[in-house]
Amino acid sequence: MYKVLTLNNISLAGLERLPRDKYEIASEIGHPDAVLVRSAKMHEMEIPDSLKAIGRAGAGVNNIPVDKMSDQGIAVFNAPGANANAVKELVLAGMLMGCRNIGPAWDFARSVEGSDAEINKAVEAGKKNFGGFELPGRTLGVVGLGAIGRNVANMALQLGMRVVGFDPGITVEGAWQLSSEVEKAGSMDELVSKVDFISFHVPLIDATRNMINADRLKMMRDGVVILNFARNGIIDDEAVSAAIKAGKVYAYVCDFPSNLLKNHERVITLPHLGASTAEAEENCAIMVAEQVRDYLEHGNIRNSVNFPEVYMERTEGERIAIVNRNEPNMVGQITGALAKQNLNIVDMINKSRGNLAYNLIDIDGNVDEAMYEQLCGIGGVLKVRLID
């Protein structure tokens with residue numbers, strides 16, 4: 001039986017992908033093989049030696065100490081793209097709220113008092129204060145062209161907008177899923193100078209903190225609308241606040257309320273709704289549960305943020321999964337140890353990612369306890385698993 005610890009309420013649709021004859025799942029469980037998590041912060045959590053995998057039912061992994069997990073040979077999985085439609089729809093709503101002044105207009109309409117005739121008169125007199133502008137013909141800048149960013153970019157083109165994208169780390173697979181009409185910016189500075197709207201879809205790391213700051217705001221067109229449904233900290237809120245008061249920024253729409261922003265003129269803050277749909281939660285849970293199951297039962301890796309992508313068909317015999325530091329002669333030491341015990345390798349794959357390497361080895365025979373301890377004792381080996 002595999003033991004799975006849940007740190008948040010994980011959608012039942014995902015948990016059902018872990019059959020009860022093989023998995024014991026609970027919010028309190030000792031010696032877990034895997035952890036499924038949404039928003040719970042794991043940085044101060046004591047990590048048991050039994051842990052092999054963490055599945056984050058979402059895209060961002062800021063709440064998981066990924067480097068620490070890598071040092072312990074623990075794979076961290078996420079669910080990129082599973083919530084992409086939910087965020088895309090919210091970005092569209094944010095663009096419309098920002099350019100059509102829907103928030104202030106709604107507040108005004110709710111505040112009008114009197115008879116219906118008096119309300120109608122007040123509305124007709126006051127609506128001129130909430131005039132906005134339309135999306136077609138405007139330029140949207142998309143920063144980060146992962147699954148969400150691509151969806152946003154392609155959607156904006158369908159709405160008649162011009163789209164400029166920036167993502168120095170875009171993959172070949174990602175580029176294929178992006179419309180050829182999306183223009184490429186060579187730098188953030190180039191992008192910000194060209195756009196009427198700008199939307200962010202990047203993680204919060206040192207390179208993305210305060211991507212929009214006072215200096216970049218000066219480069220932007222007057223009347224720009226800024227949208228952040230990614231992570232708090234990507235935008236310098238104080239700089240944007242000052243730019244709104246100076247008339248530089250038309251509107252700021254984000255998922256991260258604060259005392260500075262929540263009642264600010266021309267700012268709309270939402271309570272972190274980006275992926276808060278039933279469909280997104282189900283999609284994320286299903287995706288990450290299936291990935292964790294494939295890893296535990298077969299050693300295959302899909303959508304890990306710290307391990308390489310690895311897939312190998314099962315053959316007869318026992319499977320060995322070994323995580324090690326990406327150092328010279330590791331494969332030689334591992335295969336040499338197996339050869340000394342006359343264990344024949346039927347199939348094998350070795351891949352690396354950064355400082356980590358991962359091996360799947362199918363052998364014609366079985367690894368006894370002494371052989372297992374020998375493999376664990378090789379310098380640089382972080383974790384060894386025997387998979388029946």
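## Sheet and helix packing in a predicted model

Let's start with the sheet: 7 strands form an open sheet with parallel pairing, in the order S8-S7-S6-S9-S10-S11-S12. Its edge strands, S8 (183-184) and S12 (267-269), each pair on one side only. Strands here are DSSP runs of E with at least two residues, helices are runs of H or I with at least four, and both are numbered from the N terminus; two strands pair if DSSP finds at least two bridges between them.

This is a predicted model in which local features need pLDDT of at least 70 and side-chain atom pairs count only at pLDDT 80 or more, while totals for chains, interfaces and linings use all residues. Residues are numbered from 1 along each chain as its sequence is written, and side-chain values use heavy atoms, leaving out hydrogens and water.

| Helix | Lies across | Angle |
|---|---|---|
| H3 (residues 84-100) | S6, S9, S10, S11 and S12 | about 145° to S11 |
| H6 (residues 147-158) | S6 and S7 | about 170° to S6 |

Elsewhere, H12 (residues 330-340) and H13 (residues 369-376) pack at about 160°, with axes 10 Å apart. They are therefore roughly antiparallel (an angle over 145 degrees). Ile334, Ala337 and Leu338 of H12 meet Met371, Gln374 and Leu375 of H13 in this contact.

Technical notes. Axes fitted to C-alpha atoms, helices over the stretch in contact; angles between N-to-C directions. Parallel < 35°, antiparallel > 145°, perpendicular 65-115°, else oblique. Contact = heavy atoms within 4.5 Å.
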